[in-house]
Amino acid sequence: MQKIINYIEKIQLILGTIFLVIFVITTLIQVSTRYLGISAIWTEEISVNSFIWSMLLGAAVMTRKKQHFSFNLLNILSIKF
């Protein structure tokens, strides 16, 4: 069972990375086309949805590893003087 869970985690990380790359590329396309005066309205829809999916997949993996919403800076600042 653990092998299946680890395999699903790898798939989620790969898909999350792909969606994050799609988000960055479509955002760059959107910015550059607006700068050139061309309207590419499809990029907004794709960038929003790919960002949502990348965050959902990444949050699932980080929650499993107990690293979701962990801030190392707070641990450093809690040093006793």
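How many aromatic pairs does the structure hold? It holds one. Before selecting it, note that this is a predicted model, in which local features need pLDDT of at least 70, side-chain atom pairs count only at pLDDT 80 or more, and totals for chains, interfaces and linings use all residues. Residues are numbered from 1 along each chain as its sequence is written, and side-chain values use heavy atoms, with hydrogens and water left out.

Select Phe23 and Phe51. Their rings form a tilted pair, 4.9 Å centre to centre with 45° between the planes. Rings of Phe, Tyr and Trp (its six-membered ring) pair if their centres lie within 6.5 Å; planes under 30 degrees apart count as stacked, over 60 as edge-to-face and the rest as tilted. Phe23 is in helix 1 and Phe51 in helix 2 (residues 42-64), 28 residues apart, and the pair links these distant parts of the chain. Helices here are DSSP runs (H or I, at least four residues), numbered from the N terminus.

Phe23 is partly exposed at 24% relative accessible area, and Phe51 is partly exposed at 36%. Buried means under 20%, exposed over 50%, and partly exposed in between (1.4 Å probe, protein chains only).

Next, select Thr26, in helix 1 (residues 2-36). Thr26 is buried, with a relative accessible area of 5%. Beyond its neighbours within four places in sequence, Thr26 is in contact (heavy atoms within 4.5 Å) with Trp42, Thr43, Ile46 and Ser47.

Notes
Helix = DSSP H or I, 4+ residues; strand = E, 2+ residues; numbered from the N terminus.
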